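Keep the picture open while you read.

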Amino acid sequence: MKQRLLFAMLLLGSAAAAQEKPVFVNDQKLLPVLWQQHAAEYRALCYQAFNIAALRLNEALKHRKGRPAIITDLDETILDNSYSEARSLREGTGYSQAGWKQWTDRSDATAVPGAVAFLQLAKSRGVAIFYISNRDTTELQSTLLNLRKLQLPDAELSHMLFLKTTSSKEARRQQIMNRYNVIMLLGDNLNDFTAAFEKGNIENRFAETDKVRAEWGRRFIVLPNSTYGEWENALSEYRRGLTKFQKDSIYRTLLKAY
Ligand SMILES: [Mg+2]
């Protein structure tokens, strides 16, 4: 309703509409955030990922060996944090650690579509769930509360491996792999799967993706995230502190036009 009214005001060239809060039409994140929040295509992709994951779960459990476990990332794999991005967009601020912490302190992330049902299914089949996240350890309690609100299985500190010293998840994955038969990994960022993608430039990331081509949709289940991720850092070759204008010009040089 609000949306319809706004459209009507804009079409009429209403002075009131012109006085609405400024709209950051050029912000890089505007469309991706709207896509995550409003595109049924996004929802369908998430269901698709978890439907495939459920099939693979059945297959993996037919040849059960060892104690089965699933390793999953949290942000934009299980938890939807688009609200935090949306707030930054409204306020015209970029990402900040303080802003992020303010969001996670609320324990209010919703679940990525299909995530809760899939992890509950896995748990009911005797699979242990481990959450490996680069949220830091000051966010453990608030995240634990968030996971419990969403009724996610194995919501226990012993099943949550958060960022301590290194953003690489490899050592934390190994810790689980030493004790369990890890039948599946889930993530929205290729660094959630193996260390091969870490700090890779665009070409390296493609090459490493091709090398394990058969694993996508098999042992590796990828969730969509076009708002942020290592793919974005790779665009600017991991340069920190770029202004949005600098990013804009780098990104434009990368466009493949005909
Ligand atoms: Mg993530």
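How are the donor residues of the magnesium ion spaced in sequence? The pattern is D-x1-D-x112-D. Keep in mind that this is a predicted model.

**The metal site**

The magnesium ion is held by Asp73 (OD), Asp75 (O) and Asp188 (OD), at 2.1 to 2.2 Å. Asp75 sits in the loop between β1 and β2, while Asp188 sits in the loop between β6 and α10 (202-211), so this pair ties together parts that are 113 residues apart in sequence. Asp75 and Asp188 are both buried.

Asp73 turns up again in the lining of the largest cavity, along with Ile71, Thr72, Ile132, Lys169, Arg173, Leu186 and Asp192. That cavity holds about 30 Å³ of space, and a search of the whole structure finds one cavity of 30 Å³ or more.

**The sheet**

Now for the strands. Five of them make an open sheet with parallel pairing, in the order β5-β4-β1-β6-β7. At the edges you'll find β5 (160-163) and β7 (220-222), each pairing on one side only. From one strand to the next, the twist averages 20°.

Here is how some of the neighbours join up:

| Strand pair | Bridges | Residues facing each other |
|---|---|---|
| β1 and β6 | five | Ile70 and Met184 |
| β1 and β4 | four | Ile70 and Ile129 |
| β6 and β7 | three | Leu185 and Phe220 |

Look at Ile70 for a moment: in β6 its bridge partner is Met184, and in β4 it stands opposite Ile129.

Is β1 largely enclosed or open? Five of the five residues of β1 are buried, so the strand is largely enclosed by the rest of the structure. In a regular strand, side chains alternate between the two faces of the sheet.

Another is α9 (residues 170-177), which touches β1, β4 (128-136), β5 and β6; the direction of α9 makes about 160° with that of β4.

Then there's α8 (residues 140-149), whose buried residues are Leu140, Ser142, Thr143, Leu144, Asn146 and Leu147. Their cover includes β2 (79-80), α6 (97-104), β4 and β5. Just after α8 comes Gln151, with a positive phi of about 60°.

Glu76 isn't a glycine, yet its phi is positive, about 65°. Glu76 is found in the loop between β1 and β2. Glu237, also a residue other than glycine, has a positive phi near 50°, and its place is the loop between α11 (230-235) and α12 (244-254).

Are these two buried or exposed? Glu76 is buried, with a relative accessible area of 1%, whereas Glu237 counts as exposed at 52% relative accessibility.

Technical notes
Residues are numbered from 1 along each chain as its sequence is written. This is a predicted model: local features need pLDDT of at least 70, side-chain atom pairs count only at pLDDT 80 or more; totals for chains, interfaces and linings use all residues. Side-chain values use heavy atoms; hydrogens and water are left out. Two strands pair if DSSP finds at least two bridges between them. Helices (H or I, at least four residues) and strands (E, at least two) are DSSP runs, numbered from the N terminus. Axes are lines fitted to C-alpha atoms, for helices over the stretch in contact, and angles run from 0 to 180 degrees between N-to-C directions. Contact means heavy atoms within 4.5 Å. Buried means under 20% relative accessible area, exposed over 50%, partly exposed in between (1.4 Å probe, protein chains only). Donors are N, O and S atoms within 2.8 Å of the metal (3.2 Å for Na, K and Ca); water is not among the atoms, so sites may look incomplete. On a 1 Å grid over the protein atoms alone, a cavity is a set of points where a 1.4 Å probe fits but cannot get out, and a pocket is an open set with protein on both sides within 12 Å along at least five of seven lines; lining residues have an atom within 4 Å of a point. Grid points are joined across faces, edges and corners, and a volume is the space filled by probe spheres set on the points.
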